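Dear colleague,

I am handing over to you the structure shown below. Please look through it first; an account of what was found follows.

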Amino acid sequence: MTLTKPKIFLILCLGFIFGIFLGQYINYETMAILAMVFIIVATIGWHKKLAVVIGLTGLIILLGAVRFKQDFAQNDIAQFYGQNTQVTGVITEEPDVRSDKTYLTLSGLIVNGKTIKSKILVSTFLYPPYEYGDKLKFEEKISERISGFFL
């Protein structure tokens, strides 16, 4: 098998996708060790195309894993899914008023006394009307989809 440029590009792209999948199973320490191994493989085999492709593919896989970890770490509210929680937040986008409900985007969240960086989308009744900048406090069971009303 000859490694043409399109094949190498395909291998690198598939490596990145595999790295995103692998990101949930690997920690940063293991990634650092593997990065050193792949750099050594690419450096020692610099004059052999296959060794360079293997080394670069390994590094691209690790970049995909790092990308997954960075994105996954941003969802810090997932730890509260399925729990009854006390939430305090500020409406940071204009309320999306529909015919039967209003969607509110909240950020600056404090969930059970813990500051959270994530945003949440809350569905509530039309009345009372809410506005941009309102600070809300409510108790609700957090899930990937929140619906209910504020007390």
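Over the ring of which residue does the charged end of Lys69 sit? The ring is that of Tyr28, and the charged end of Lys69 is 5.8 Å from its centre. A charge is said to sit over a ring if NZ of Lys or CZ of Arg is within 6 Å of the ring centre and within 35 degrees of the ring normal.

This is a predicted model, in which local features need pLDDT of at least 70, side-chain atom pairs count only at pLDDT 80 or more, and totals for chains, interfaces and linings use all residues. Residues are numbered from 1 along each chain as its sequence is written, and side-chain values use heavy atoms, with hydrogens and water left out.

There are two aromatic pairs (rings of Phe, Tyr and Trp, the last by its six-membered ring, with centres within 6.5 Å; planes under 30 degrees apart are stacked, over 60 edge-to-face, the rest tilted). One of them is the tilted pair of Phe18 and Phe21, with 6.3 Å from centre to centre and 40° between the planes. Ring pairs link Phe18, Phe21 and Tyr25 into a cluster.

Phe18 and Phe21 both belong to helix α1 (residues 5-22), where they are three residues apart, about one turn of the helix. Helices (H or I, at least four residues) and strands (E, at least two) are DSSP runs, numbered from the N terminus.

Strands β3 (residues 102-111) and β5 run antiparallel and are joined by five bridges; strands pair if DSSP finds at least two bridges between them. Leu104 has Val122 in β5 as its bridge partner.

Yours sincerely
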